[in-house]
Amino acid sequence: MNIRFLGAVNDVTGSCHLIEFKDKIIMLDCGMYQGKEENLNYKEFEVNPADIDYLFLSHAHIDHSGRIPLLVKKGFKGTIYCTKPTYDLCEIMLIDSAYIQESETEWKNRKAKRSGKPLVDPLYTQADAQESLKFFEPVLYDQIIKLDDDLIVRFSDAGHILGSSIIEMWFKEKDEIKIVFSGDLGMKGKPLLKDPAIINSADYIIMESTYGNREHKTIEQAEEELINIILKTTRRGGTVIIPSFAVGRTQEIIYELNKYYDRKLGLEGNKESELRKIPVYIDSPLAAKATEVFARNAHAFDEETKNYLMDGDNPLHFKNLHFTQSVEESKMLNFSDEPKIIISASGMCEAGRIKHHLKHNLWKKECSVVFVGYQAEGTLGRRILDGAKDVKIFGENIHINAEIYSLEGFSGHADKNGLIRWLNNFQKKPEKVFLVHGESESKDSLKNEIEKTLGINCIIPVYNNSYEIKSKVEVHEVSLENGEQLKPFTLTELEKKHIEKIRNEIVNIKNLLDDALKITEEYLSGNNIDADKYRKINNNLLEIESKIMDLIILSGK
Ligand SMILES: [Zn+2]
Ligand SMILES: [Zn+2]
């Protein structure tokens with residue numbers, strides 16, 4: 001068997017890898033290229049899409065999922081496996097991406113007509129995106145999915161965005177080989193999400209390296225810095241512009257601000273009441289839709305967030321938070337001088353409403369622009385961040401006077417230490433680690449660090465080269481021999497504990513159901529419904545849902 005690396009090889013975008021195993025072809029991610037590699041979106045797929053059996057999708061970000069509609073349009077007939085929240089997010093993101101493709105093509109064609117150049121077709125349409133959704137098969141975190149006698153897959157939480165996953169794959173040739181694809185790995189302690197799952201063993205790892213040469217500040221430091229920037233900017237009458245991925249980062253910023261707007265954190269002096277008067281505008285229809293998807297997938301949140309929900313506080317909503325929908329509402333934001341916070345997409349300032357906000361605010365010295373995510377080479381965001389004095393937006397020269405900040409503590413990606421820590425947790429060290437999804441300096445530096453500190457051989461793959469994966473005689477934690485498992489056996493202490501845990505979960509669910517039944521009966525027999533109690537029922541239902549989910553995961557069914 002062998003692996004080929006087709007995207008996110010020379011840079012971070014266009015994530016796509018290919019495993020050729022016996023007569024099967026498995027694709028990992030099918031992402032869109034962004035920034036300086038944008039033109040690559042139009043290249044032919046390196047393999048006939050009709051020959052691909054499975055696509056395992058690590059998460060919904062467009063640089064990992066964005067070429068799926070194109071793959072289907074070009075003949076893919078296989079199955080796309082991903083987690084349920086990833087599917088829910090793809091549903092809105094792929095349609096949105098198609099809409100952007102359609103409107104950009106329309107704009108290009110209008111220009112082409114005037115200059116007599118040939119017309120172009122969009123990469124894919126909204127109808128193509130809709131069609132591609134039919135091929136998805138959403139699964140739960142931690143489920144062990146047996147696809148064939150010789151192929152097993154499992155998705156674990158990568159803590160990067162909602163639904164993001166680390167993908168473990170077991171292949172059975174003569175012996176068993178396990179390949180782990182890290183997807184994008186999140187930062188420990190990230191808002192809303194769980195920490196990246198610890199994986200026990202692998203023969204080969206395909207690992208991201210976005211921040212392989214950087215150390216982030218902590219999330220707490222980033223939080224404090226953000227509050228200070230907001231207060232400083234609005235006190236001098238300016239607006240804070242936060243370019244942000246509509247999905248993921250935006251919800252995390254809402255969550256962080258919610259802590260200050262809705263809960264008492266004891267900021268010194270009048271800072272808290274001052275802050276609450278500053279309106280926050282989420283100016284991205286996609287972000288609004290994504291926020292709804294987040295609310296629907298509460299079971300995937302971390303404990304802190306679940307506790308907020310149980311308290312009746314929706315952590316993705318607070319007073320003075322506004323979602324703007326129409327273009328008119330969006331434009332209105334730049335007509336008023338009121339100090340405010342505008343969070344808008346796209347995260348790297350390449351498209352969308354953020355470009356208008358930058359055009360109207362970058363030249364004002366009282367304003368601030370705060371970057372909270374990675375800015376790929378060749379993007380407008382990267383130029384601003386790198387200290388450009390002037391930028392061109394919609395053909396107009398804009399002189400930069402606003403203050404520019406970058407808060408890497410909000411990053412969706414683990415830093416160098418986080419990546420090393422995750423790798424160090426493997427009890428069985430891998431044969432090789434393939435480093436992808438990073439700029440050269442980042443990959444080189446991470447390769448050195450891993451080889452020096454962990455003694456694991458690293459490879460920086462070359463585009464479309466084929467790397468042979470050799471099998472080794474080893475016994476792994478998930479056996480492909482189902483015959484063995486069917487024989488009667490005596491429970492070990494560990495297995496007894498496992499069953500005890502399952503039993504406790506069942507008792508918990510039973511109690512919650514009893515409670516919910518009692519409360520609903522009371523309501524139906526009376527006339528008035530107390531808002532607090534109503535919320536309690538709602539919360540109980542949420543907890544039941546998550547318990548059932550936990551139970552399903554525990555029992556592995
Ligand atoms: Zn990502
Ligand atoms: Zn990525």
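Visitor: Which residue stands opposite K432 in β21?

Guide: In this predicted model, the residue of β21 that faces K432 is N457.

Visitor: What makes β20 and β21 a pair?

Guide: Two strands count as paired when at least two bridges are found between them. β20 and β21 share three bridges, in the parallel sense; the pair therefore meets the requirement of at least two.

Visitor: Which strand do five bridges join to β20, and in what sense do the two run?

Guide: That strand is β11 (residues 204-208), and the two run parallel. I206 has F434 of β20 as its bridge partner.

Visitor: Why is strand β20 described as largely enclosed?

Guide: A residue is called buried if 20 or more other C-beta atoms lie within 10 Å of its own. Four of the five residues of β20 (residues 432-436) are buried, so the strand is largely enclosed by the rest of the structure.

Visitor: To which open sheet of seven strands does β20 belong, and in what order do its strands lie?

Guide: The order is β7-β8-β9-β10-β11-β20-β21, with mixed pairing.

Visitor: Why are β7 and β21 said to stand at the edges?

Guide: β7 (145-148) and β21 (457-459) each have a single partner strand, so one side of each has no neighbour in the sheet. From one strand to the next, the twist averages 20°.

Visitor: How many bridges join β8 to β9, and do these strands run parallel or antiparallel?

Guide: Seven bridges join β8 (residues 151-157) to β9 (residues 165-172), and the strands run antiparallel. S156 has I166 in β9 as its bridge partner.

Visitor: What is the order of the strands in the open sheet that contains β22?

Guide: Its seven strands follow the order β6-β5-β4-β3-β2-β1-β22, and the pairing is mixed. The edge strands, each pairing on one side only, are β6 (136-139) and β22 (466-468). On average, neighbouring strands of this sheet are turned by 25° against each other, direction ignored.

Visitor: What makes β4 and β5 a pair?

Guide: The requirement is at least two bridges. β4 and β5 have three, in the parallel sense, and are therefore paired. Y54 has T79 in β5 as its bridge partner. Y54 of β4 is also the bridge partner of I26. Three bridges join β3 (residues 24-28) to β4 (residues 54-56), in a parallel arrangement.

Visitor: Which residue of β6 stands opposite C82?

Guide: P138 of β6 stands opposite C82. β5 and β6 run parallel and are joined by four bridges. β5 is mostly covered, with four of its five residues buried. Across β5 (79-83) and β6 lies helix α3 (residues 84-115), which runs at about 110° to β5.

Visitor: How do you know what span to expect for helix α5, and what span does it have?

Guide: The expected span is 1.5 Å times one less than the number of residues. For the 17 residues of α5 (residues 219-235) this gives 24 Å, and the helix reaches 24 Å from its first C-alpha to its last.

Visitor: Which residues of α5 are buried?

Guide: They are A222, E223, L226, I230, T233 and T234. Seen down the axis of α5, the buried residues fall within an arc of 110°, so they line one face of the helix. Their cover includes β12 (240-243), α6 (249-262), α7 (271-276), β15 (341-344) and β16 (368-371). The face turned away from the buried side carries the exposed residues E220, N228 and R235. After α5 comes G237, whose phi is positive, near 85°.

Visitor: Why is α16 said to lie largely in the open?

Guide: Of its 33 residues, the number buried is zero, so α16 lies largely in the open. The helix (residues 493-525) should span 48 Å at 1.5 Å a residue, and its end C-alpha atoms are 48 Å apart, which agrees.

Visitor: Into which domains is the protein chain divided?

Guide: The division is into domain 1 (2-214 + 412-482), domain 2 (219-410) and domain 3 (491-555). The centres of domain 1 and domain 3, taken over C-alpha atoms, are separated by 36 Å.

Key: Residues are numbered from 1 along each chain as its sequence is written. Chains are lettered from A and ligands numbered from 1 in the order in which they are written. This is a predicted model: local features need pLDDT of at least 70, side-chain atom pairs count only at pLDDT 80 or more; totals for chains, interfaces and linings use all residues. A residue is buried if 20 or more other C-beta atoms lie within 10 Å of its own, exposed if 12 or fewer, and partly exposed in between; C-beta atoms are placed from the backbone. Domain bounds come from an automatic or database domain assignment. The arc is that of the directions from the helix axis to the C-beta atoms. Two residues are in contact if their C-beta atoms, placed from the backbone, lie within 7 Å. Axes are lines fitted to C-alpha atoms, for helices over the stretch in contact, and angles run from 0 to 180 degrees between N-to-C directions.
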